[in-house]
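Here's a quick tour for anyone meeting this structure for the first time. Have a look at the sequence and the model, and then read on.

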Amino acid sequence: MDVTMALAKHSRFICFLHDELALSTASISLALRYREQNPGPLPMILWQYGLITLDQLDRIYNWLESIEG
């Protein structure tokens, strides 16, 4: 995957979090900052820090699977 595709996917993912899961910009930004210090999958970071529920985590992974399919 080239850089342009990776950035586009990341942008779509952030929009999904904001638009479909109604996560605040502050929550998304906080998770991205945590990720800089502790690299890992963003969905897991969101869940570990209590920013999303287990059901939302499942929705995220379903969405990610659908865009890769």
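## Before we start

This is a predicted model, so to speak of local features a pLDDT of at least 70 is needed, side-chain atom pairs count only at pLDDT 80 or more, and totals for chains, interfaces and linings use all residues. Residues are numbered from 1 along each chain as its sequence is written, and side-chain values use heavy atoms, with hydrogens and water left out.

## The whole chain

The protein chain has 4 helices and 0 strands, so its elements read α-α-α-α from the N terminus on. Helices here are DSSP runs of H or I with at least four residues, strands are runs of E with at least two, and both are numbered from the N terminus.

How big is it? Along its principal axes, the C-alpha trace spans about 30 × 25 × 20 Å. Buried residues make up 28% of the 69 residues; buried means under 20% relative accessible area, exposed means over 50%, and partly exposed is in between, using a 1.4 Å probe and protein chains only. Among contacts (heavy atoms within 4.5 Å) with a separation of 6 or more, 41% are between residues 24 or more positions apart.

Two packed helices are described by the angle between their axes and the distance between the axes. The axes here are lines fitted to C-alpha atoms, for helices over the stretch in contact, and angles run from 0 to 180 degrees between N-to-C directions.

Take H1 (residues 3-19) and H2 (residues 25-37): their axes come within 9 Å and cross at roughly 135 degrees. That makes H1 oblique to H2; angles under 35 degrees count as roughly parallel, over 145 as roughly antiparallel, 65 to 115 as roughly perpendicular, and the rest as oblique. On the H1 side, His10, Ile14, Leu17 and His18 make the contact, and on the H2 side Thr25, Ile28, Leu32 and Arg35 do. By class, this contact has 4 nonpolar, 3 polar and 1 charged residues. Ala, Val, Leu, Ile, Met, Phe, Trp, Tyr, Cys and Pro count as nonpolar, Asp, Glu, Lys and Arg as charged, and the others, Gly among them, as polar.

## H1 against H4

H1 also meets H4 (residues 54-68), with axes that come within 11 Å and cross at roughly 145 degrees. This crossing is right-handed. Lys9, Arg12, Phe13, Phe16 and Leu17 of H1 meet Arg59, Ile60, Trp63, Leu64, Ile67 and Glu68 of H4. Sorted by class, the contact of H1 with H4 has 7 nonpolar, no polar and 4 charged residues.

Arg12 gives a closer look at this pair. Arg12 sits in H1 and counts as partly exposed, at 47% relative accessibility. Leaving aside neighbours within four places in sequence, Arg12 is in contact with Trp63 and Ile67. The C-alpha atoms of Arg12 and Leu64 are 10.0 Å apart, though the two are 52 residues apart along the chain.

## Residues worth a click

Beyond neighbours within four places in sequence, Ala31 touches Leu42, Ile45, Leu46 and Leu51. From Ala31 to Trp47, 16 residues apart in sequence, the C-alpha to C-alpha distance is 9.4 Å. Ser27 also lies in H2 and is buried, at 18% relative accessibility. Not counting residues up to four places away in sequence, Ser27 touches Leu46 and Leu51.

Over in H4 you'll find Gln56, which is buried with a relative accessible area of 18%. Leaving aside neighbours within four places, Gln56 is in contact with Leu21 and Leu51. Finally, go to the loop between H1 and H2, where Ala22 is found. Ala22 is exposed, with a relative accessible area of 63%, and has a positive phi of about 60 degrees although it is not a glycine.

Terms used: Left-handed = near helix turned anticlockwise from the far one by under 90°.
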